[in-house]
Amino acid sequence: MENVLFVASESTPFIKTGGLADVIGSLPQALKQYEQLEVRVILPLYDEIPDEWKEQMEYVTTFDVPFGWRNQEATVYTLKHNQVIYYFLANDYYFTRKGIYGYYDDGERFVYFSHAVLEFLVHGDFKPDILHAHDWQAAMAVVLANIRKPVDQMKTVFTIHNIKYQGVMPIDIFEDFFNLDREHIGGLEWNGMLNCLKGALFHADKITTVSPSYAEEIKYPYYSEGLHPMLIEREQDLVGIINGIDTKEYNPLTDPYLAVNYRSARSKKIENRLALGEELGFEMDLDQPLYVIITRLVEQKGLHLVQHIFEEFLQEDVQFITLGTGEQEFEHYFSDIASRYPNKVAALLTFDEGLARKLYASADFFLMPSKFEPCGLAQLIALQYKTVPIVRETGGLKDTVLSYNELTGEGNGFSFTNYNAHDLLNTLNYTLKIYHDSDQWQQLIRNVNKSQFSWKESALEYGRLYEQLVPTPIYG
Ligand code: ADP
């Protein structure tokens with residue numbers, strides 16, 4: 001039996017701001033199908049985690065966490081969900097707050113989290129063979145594990161879900177936040193700052209990212225957010241493994257949020273659309289295709305491209321609904337457009353899982369023209385709900401969506417290459433052409449219905465990677 005501990009800052013079904021939570025909520029379960037692996041997960045215990053989960057948690061242990069010149073207590077609770085054991089690390093000062101990110105001291109909060117995880121390895125009963133940390137919030141756990149070696153022979157894996165967020169702090173906090181000799185500054189330093197993500201890239205035994213294309217892209221300056229020299233240096237240990245989705249959770253046949261469940265029938269999608277229209281007070285025009293955007297409203301998602309050509313495309317017979325929260329610029333933009341085109345556009349400025357599911361189910365097209373996209377789960381969820389994705393060919397979008405080809409009848413969506421607004425507009429116009437050509441549309445929908453992105457293959461790839469790090473075979 002090999003023990004693996006996932007360290008991460010969010011996970012479904014407890015707390016979610018984006019795709020990271022979907023992955024942490026589903027990959028351990030997918031890895032469970034292999035009996036030789038015991039995968040557990042540790043997360044911060046945020047105030048925002050709903051009471052229904054808190055009530056199920058059992059106390060595990062309390063201990064002191066040496067943190068720079070001071071001690072901070074940590075208490076660990078646990079619960080089992082879908083056969084996976086989750087630990088929740090509580091500290092009132094750092095995690096009893098509204099929301100989960102966006103505080104001035106996020107760096108301190110998550111460095112503390114990593115220190116506390118390390119102490120938990122010392123004090124707790126679960127001794128991992130592999131510590132698998134995700135994104136900058138957990139990156140310091142890799143650094144500390146490699147330096148302090150809290151568990152004999154333990155190896156580390158670090159997964160980059162998005163290289164844009166690195167956890168960068170002034171170098172002079174080193175003494176305050178790290179109980180390390182100064183010789184270790186070098187591994188953490190990048191461009192004169194302390195950089196958690198870089199620290200993990202320096203220290204991890206293996207590095208993964210969430211699609212093969214992104215694994216290539218981040219070796220180049222355009223995508224690397226400054227870290228390409230590190231990735232080139234660690235090239236031998238870097239692998240891209242495409243994310244899957246939990247196909248039981250995202251299943252239109254059983255999804256409890258939907259007005260009408262369906263396998264693939266377009267007529268049932270229309271029923272969902274009408275129900276959603278009623279709920280929103282937005283009149284759905286069934287003679288027009290419905291396009292949706294469901295995203296964090298940030299530049300990464302290609303929203304500047306959308307802004308450039310949106311009104312031009314709205315001259316066509318189309319309807320558009322956007323769901324998302326984020327940067328004010330985009331929130332204002334979409335609510336302004338919705339108020340000027342009330343029959344064509346609705347802007348839902350909220351984070352709402354139920355609304356997201358209803359939109360995936362109701363729409364014909366799902367738009368995601370990202371500037372960069374490590375993997376992207378939203379396009380996979382769209383396909384799962386038989387909605388046609390329109391994407392830019394980057395990262396995981398490139399690896400999961402094949403642009404429809406009228407001549408061969410292949411392809412499960414639409415895509416364009418350059419980060420260029422008129423290329424997006426041309427692609428949108430082309431989607432309309434195919435939509436109105438019944439034979440082509442039927443063929444495209446057949447392809448969409450066949451698209452499958454479960455975790456099965458990717459979980460195997462993680463298993464093979466773990467196998468390289470431990471002495472006993474995992475898959476026999
Ligand atoms: P990222 O992790 O960069 O945000 P992904 O496509 O990997 O992008 O994952 C986004 C996840 O968050 C998907 O599950 C998507 O449905 C969900 N999501 C994004 N915005 C919202 C929202 N406003 N309401 C509900 N779910 C959302």
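Select Glu353 and Lys16 to see a salt bridge, with the closest N and O atoms 3.4 Å apart.

Bear in mind that this is a predicted model, where local features need pLDDT of at least 70 and side-chain atom pairs count only at pLDDT 80 or more, while totals for chains, interfaces and linings use all residues. Residues are numbered from 1 along each chain as its sequence is written, and side-chain values use heavy atoms, leaving out hydrogens and water.

Now colour by domain: domain 1 is 2-244 + 456-469 and domain 2 is 266-450, with bounds from an automatic or database domain assignment. Their centres, taken over C-alpha atoms, sit 33 Å apart.

Next, pick out the touching residues: 21 in domain 1 are in contact with 19 in domain 2, contact being heavy atoms within 4.5 Å. Together the two domains bury about 1,500 Å², 57% of it on carbon and sulfur atoms; that is accessible area (1.4 Å probe) lost on putting the two parts together, summed over both.

Last stop, the side of domain 1 that touches domain 2: its residues divide into eight nonpolar, eight polar and five charged, with Ala, Val, Leu, Ile, Met, Phe, Trp, Tyr, Cys and Pro counted as nonpolar, Asp, Glu, Lys and Arg as charged, and the others, Gly among them, as polar.

Conventions:
A salt bridge is a side-chain nitrogen of Lys or Arg within 4 Å of a carboxyl oxygen of Asp or Glu.
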